[in-house]
Amino acid sequence: MKVAVLGAGVVGSATAYMLAKDGHDVTVIDRCDRPGMETSFANGGLMNPSDASPWNSPGTLKRLGKMLFYSNSPLKINPSAIPSMMGWGLRFLANSTYERHRSNMISNIRLASLSLDTLRKIRETDKLNYDETTRGTMRVFPRGGRMSEFVQMCREMQEWGIQFEVLDQAQILEKEPCLAPVIDRYVGAVLFPNDESGDAHKFTNEMARLATELGAEFLTNTSVLGITKASSTYISHVVTSNGDIRADAFVLSLGSYSPIFAGPLGIKLPIIPVKGYSVTVELNGWRGGPTRPVMDDKYHAMMVPMGDRLRMGGRAEFAGYNTRVDAKEGRRVLNDILKILPALASHVNPDSALNWSGLRPMTPGGPPLVGPTPYTNLFLNTGHGPLGWTMACGSAKLIADFITYGRVLNNRVDPTNYAL
Ligand SMILES: Cc1cc2nc3c(=O)[nH]c(=O)nc-3n(C[C@H](O)[C@H](O)[C@H](O)COP(=O)(O)OP(=O)(O)OC[C@H]3O[C@@H](n4cnc5c(N)ncnc54)[C@H](O)[C@@H]3O)c2cc1C
């Protein structure tokens with residue numbers, strides 16, 4: 001079957017690989033000059049099913065109120081973005097009940113775990129280079145924080161296969177000696193031994209390489225201008241800056257831009273862009289940093305080793321489709337990390353750091369939209385929010401299975417449930 005995948009981010013590229021592996025004739029369309037140049041470019045790099053809890057846990061409204069008035073808040077809402085996010089915001093809050101949050105968290109865990117299993121299977125057969133670490137991730141909790149509440153949530157996640165260990169100060173230092181200068185700030189940590197990390201951009205290009213080796217074609221520098229329907233249930237072609245592309249099936253994986261192309265077809269996708277920042281510094285051989293990703297629960301900041309680099313990330317900003325890199329925000333990310341890893345200051349030059357921002361394609365519930373649409377040959381694989389790298393291989397496998405084995409083709413998308 002000829003399948004066109006719209007978007008070559010981590011989600012679209014993994015989808016192309018899975019489809020090519022199933023024997024399809026795959027064409028991927030992307031406006032950039034190579035795969036993974038937008039949100040999948042310099043994200044946090046965590047491949048962490050342990051982070052499956054959606055952002056809107058019970059009590060969200062109260063926490064949001066507090067965060068918005070805190071001067072160094074990791075969350076910002078740009079007033080100009082408010083009108084376009086009203087409906088989405090109400091649905092976000094509606095998903096913050098205990099029951100809905102729990103059900104969304106379980107969906108995320110299942111998809112993220114499938115993703116990790118799928119990634120490990122790919123690694124068994126294909127050598128991939130993406131600066132990965134497989135030593136788990138660690139979340140550290142400052143005094144007066146929410147460690148006991150978090151550990152309670154970990155117990156709930158454990159029922160769904162998420163393993164964790166609670167660490168005291170001595171155990172933290174045994175695992176991550178770099179935290180010695182600030183250890184008195186922390187009451188403890190939670191280690192997730194099964195989590196992994198890596199460079200999502202490199203991984204995206206590895207997926208594209210494998211897909212290409214299997215015959216897939218990547219049409220880069222090619223913008224999707226519209227999706228044309230032949231009838232109320234069938235897509236005929238995609239209009240691009242390089243001509244029309246016809247196919248038997250189409251997969252929409254344009255990240256935050258997916259709703260713009262689904263809307264004219266009558267499909268209202270509940271996805272909005274949520275901006276985030278990362279800063280990447282070269283370590284030039286310095287080995288004094290963490291050996292696995294470490295997240296500070298107070299600053300909502302993370303530091304992730306990636307080969308000879310350290311990636312730091314965090315912050316969430318509702319600013320519409322604005323991707324301008326704000327150096328001040330990058331500086332804040334770096335400053336938050338210097339509070340955890342002061343020794344970094346004398347080993348990096350902030351002026352040569354890579355400051356980056358990207359748009360998380362967020363759904364109001366948390367789980368992405370993976371599945372069929374009212375058009376029998378149009379499929380969604382989008383809306384992965386803060387977990388797109390974590391879920392990419394799993395949702396790619398689901399959609400490829402769906403297209404290959406053709407299950408329930410007339411089913412409609414249920415935006416709250418990725419299960420097909
Ligand atoms: C600061 C930050 C940190 C993050 N950290 C993590 C993390 O640690 N772990 C994790 O799992 N996730 C993380 N995420 C989320 C993750 O990066 C995203 O969920 C993921 O990259 C989304 O992938 P995607 O393929 O759906 O979208 P994208 O990577 O944005 O891909 C969409 C593609 O569509 C293309 N495109 C768009 N419009 C058009 C058009 N009109 N025509 C042609 N092509 C088009 C773009 O060029 C792009 O390549 C983070 C995000 C941010 C912002």
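**Figure 1. Y130 and W389 are both buried in the predicted model.** The view takes in aromatic pairs, for which ring centres must lie within 6.5 Å of each other. By this criterion the count comes to nine aromatic pairs. In one of them, the ring centres of W88 and F318 are 6.0 Å apart and the planes meet at 55°, so this pair is classed as tilted. W88 belongs to helix α3 (residues 82–94) and F318 to strand β17 (residues 309–318), so the pair ties together parts that are 230 residues apart in sequence. W88 has a relative accessibility of 6% and therefore counts as buried, the limit being under 20%. F318, at 8% relative accessibility, likewise counts as buried. In the pair formed by Y130 and W389, the ring centres are 5.8 Å apart with the planes at 85°; since an angle over 60 degrees is required for this class, the pair is edge-to-face. The two residues link distant parts of the chain, 259 residues apart: Y130 is in the loop between α4 (98–125) and β5 (137–142), whereas W389 is in helix α10 (residues 388–405).

Figure 2. W88, F92 and F318 form one aromatic cluster.

**Figure 3. A shell of 35 residues surrounds the ligand.** The closest of these residues are D30, S40, L46, V224 and G385. Several secondary-structure elements contribute at least two shell residues each, namely α1 (10–21), β14 (272–282), β18 (354–362) and α10. The largest share comes from β18, which supplies four residues. By residue class, the shell around the ligand divides into 15 nonpolar, 16 polar and four charged residues.

**Figure 4. V238 is a buried residue of strand β11.** Strand β11 spans residues 234–240. The relative accessibility of V238 is 1%, so V238 counts as buried. A4 is 234 residues away from V238 along the chain, and the C-alpha atoms of the two are separated by 8.7 Å.

**Figure 5. T382 and S258 are joined through their side chains by a polar contact.** The length of this contact is 2.8 Å. T382 is placed in strand β20, which comprises residues 378–382. With a relative accessibility of 1%, T382 falls under the 20% limit and therefore counts as buried.

Methods
Residues numbered from 1 in each chain as written. Predicted model: local features only at pLDDT ≥ 70, side-chain atom pairs only at ≥ 80, totals over all residues. Heavy atoms only, no water. Phe/Tyr/Trp six-rings, centres within 6.5 Å; stacked < 30°, edge-to-face > 60°. Buried < 20%, exposed > 50% of the residue type's maximum accessible area, 1.4 Å probe, protein only. Near = heavy atom within 4 Å. Nonpolar A, V, L, I, M, F, W, Y, C, P; charged D, E, K, R; others polar. Polar contact = N/O pair within 3.5 Å; in protein donor to acceptor, adjacent residues only side chain to side chain.
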